[in-house]
Amino acid sequence: MADLNKPLVEIRDVTFGYGREVVLDHVSLEIGARDFLAVIGPNGGGKTTLLKAILGLVNPWSGQVVYNLPSGKDPRGRLGYVPQFSTFDRDFPLRISDMVLMGRLGRHNLLRPYSREDRAAAERTINRLGLAGVARAHASEVSGGQLQRALIARALVGDPEILFLDEPTASIDAESRDTLRGLLADLNRAIPIVVVTHDITSLAPMVRRIACINRKLFYHGDPELSLEVMEEVYGCPVELVTHGVPHRVLHDHHHHH
Amino acid sequence: MPSFLDALSYEFLRNAVLAGVLASVLCGIIGTFVVVKKLAFISDGISHAAFGGMGLCFFFGIDPLLGAIPVALACALALGAVDRETIRSYDALIGVLWAVGMAVGVVFVYKTPGYAPNLMTYLFGNILLVTRRDLLAILVLAVSVLATLAIFFKGIVAVAFDEVFARVRGLPVRLLMALLLGMIALSVVILIQVVGIILVVALLTIPSVISLMLWKDLRGVLLGSVGIGVGITLGGLLLSFQYDLPSGPAIILLGAVLLIGVYGGKKIVAARPLLER
């Protein structure tokens with residue numbers, strides 16, 4: 001049985017890069033049981049790379065990622081992942097229902113057909129996310145918001161213990177963003193959520209902690225941040241790098257609360 | 001002039017028809033993965049590289065098929081294993097493999113003493129030369145490729161659709177990719193017998209490209225491209241017989257005409273609501 005007081009994921013002093021270029025420089029970060037963590041920072045600052053390191057898609061040069069999931073199981077297949085639209089082929093001949101069902105696939109059933117439970121779980125998740133009307137449709141025929149929810153459904157159908165979303169608000173309209181906010185708030189009652197985003201404002205109300213990444217981890221904290229402060233914080237990496245005083249900008253606002 | 005059906009009493013034509021049908025089933029299914037995973041250039045590279053193995057076998061007087069299989073498989077596995085970040089230009093690597101294979105093949109064929117085999121047959125294929133033994137080899141290869149695909153189908157679809165997600169789910173992505181490339185390599189070897197090295201990529205892609213325009217779910221696309229593949233292969237053979245055309249090009253050209261026709265048809269259907277306004 002896993003220790004419930006320990007963080008679910010501990011990123012311990014992780015350094016990683018591509019070629020000779022260091023992208024993550026001694027980054028340490030924790031993900032707690034009820035977290036809603038927003039990883040923010042400039043483009044190319046290492047946000048997505050940090051996500052890849054947590055998901056086990058890249059091996060750190062040094063440091064480690066330690067998992068302590070509630071189930072006590074190996075993290076493989078226990079982490080929910082919602083990618084950006086650009087990482088897969090939207091024209092691939094799959095119906096939305098097939099795409100969601102794919103979230104049940106793992107090493108254990110690789111060579112077996114999907115079970116009755118797999119199909120039931122997919123149907124439940126499709127209904128829960130309001131996708132029943134488009135379940136038979138093709139990915140290229142649905143709206144951005146619907147495709148986003150289908151990707152979330154695919155991540156949720158395998159009962160993940162943490163949900164990771166990469167730029168979830170990037171390709172959807174304002175109305176879909178409202179739906180997404182409600183959905184994530186609802187999901188966050190059960191599992192921690194980690195969002196990599198450059199658009200902190202649309203998710204601001206529910207974010208509990210932010211991590212500001214620009215090669216190094218510049219800020220990692222849990223203030224009750226207002227929208228304005230969030231915007232300030234989002235600008236932080238650039239300012240901090242130019243002025244070389246990592247904490248002042250944040251602390252000024254921080255202490256008003 | 002005897003009709004095509006009468007001519008089917010000749011063994012060589014029956015072999016040709018059977019080889020064509022088997023190859024079409026295979027390329028309809030494997031070709032769909034080639035198209036959706038954008039592996040057409042790799043497939044073409046494997047096809048040309050395989051000629052190196054065929055030339056070597058010629059020189060030593062062995063069945064060229066025995067040389068084509070290991071070379072095609074080795075190329076497929078090497079292309080799957082190479083680290084794309086280190087090699088920098090993956091495209092160029094495929095091009096090099098392609099040219100080296102052809103060069104090796106041509107050198108050995110040139111140096112083969114005595115009767116020099118007709119290069120044109122290997123470049124453009126001659127399905128009418130398929131022997132009973134070739135047919136058996138094609139059957140064994142096709143069945144093993146399709147059986148492997150059936151066993152790993154879910155995983156291969158998942159990797160073809162979204163490799164990163166498959167890795168997050170803990171699937172053995174490298175193994176599945178290697179299997180897919182290996183299946184493509186064996187399919188290429190079979191197709192060389194039917195349409196020749198240069199035209200392999202066309203037979204691998206044309207039926208699936210047409211099918212992808214007509215169907216939206218994977219099952220529909222797979223069945224559709226098998227049907228279209230069988231149709232153009234048999235139709236091409238018939239044209240080749242009636243008008244004395246080389247069989248490989250006749251098959252490919254019929255496919256190209258169908259592709260243009262379906263594309264045009266889709267465009268007209270899409271434009272109709274605008275015209276009627």
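The model is predicted, with local features needing pLDDT of at least 70 and side-chain atom pairs counting only at pLDDT 80 or more, whereas totals for chains, interfaces and linings use all residues. Residues are numbered from 1 along each chain as its sequence is written, while chains are lettered from A and ligands numbered from 1 in the order in which they are written. The predictor gives the complex an ipTM of 0.82 and a pTM of 0.86.

**Confidence by chain**

- For chain A the mean pLDDT is 82, with 83% of its residues at 70 or more.
- In chain A, pLDDT stays under 50 over residues 226–230, for which the model has 7 contacts beyond four places in sequence, and also over residues 236–257, for which the model has 27 such contacts; two residues are in contact if their C-beta atoms, placed from the backbone, lie within 7 Å.

**Contact between the chains**

- Chain A contributes 22 residues to the contact and chain B contributes 21 residues.
- On the side of chain A that touches chain B there are 14 nonpolar, 4 polar and 4 charged residues, where Ala, Val, Leu, Ile, Met, Phe, Trp, Tyr, Cys and Pro count as nonpolar, Asp, Glu, Lys and Arg as charged, and the others, Gly among them, as polar.

**Domains of chain A**

- Chain A is divided into domain 1 (1–78 + 161–257) and domain 2 (87–159), with bounds that come from an automatic or database domain assignment.
- Between the two domains of chain A, 10 residues of domain 1 are in contact with 7 residues of domain 2.
- Helix 5 (residues 174–187) of chain A gives the most to the domain 1 side, with 4 residues; helices (H or I, at least four residues) and strands (E, at least two) are DSSP runs, numbered from the N terminus.
- That side of domain 1 of chain A divides into 5 nonpolar, 4 polar and 1 charged.

**Helix packing in chain B**

- The axes of helix 3 (residues 40–59) of chain B and helix 11 (residues 200–214) of chain B come within 9 Å and cross at roughly 150 degrees, where axes are lines fitted to C-alpha atoms, for helices over the stretch in contact, and angles run from 0 to 180 degrees between N-to-C directions.
- That angle makes helix 3 of chain B roughly antiparallel to helix 11 of chain B, since angles under 35 degrees count as roughly parallel, over 145 as roughly antiparallel, 65 to 115 as roughly perpendicular and the rest as oblique.
- The contact of helix 3 with helix 11 in chain B includes B:Ala40 and B:Asp44 from helix 3 and B:Val200 and B:Leu204 from helix 11, and its residues divide into 4 nonpolar, 3 polar and 1 charged.
- Helix 3 of chain B also meets helix 10 (residues 173–195) of chain B, their axes coming within 9 Å and crossing at roughly 60 degrees, which makes helix 3 of chain B oblique to helix 10 of chain B.
- Helix 2 (residues 11–36) of chain B and helix 10 of chain B have axes that come within 10 Å and cross at roughly 145 degrees, and their contact has 13 nonpolar, 3 polar and no charged residues.

How values were computed
pLDDT is the predictor's confidence in each residue, from 0 to 100.
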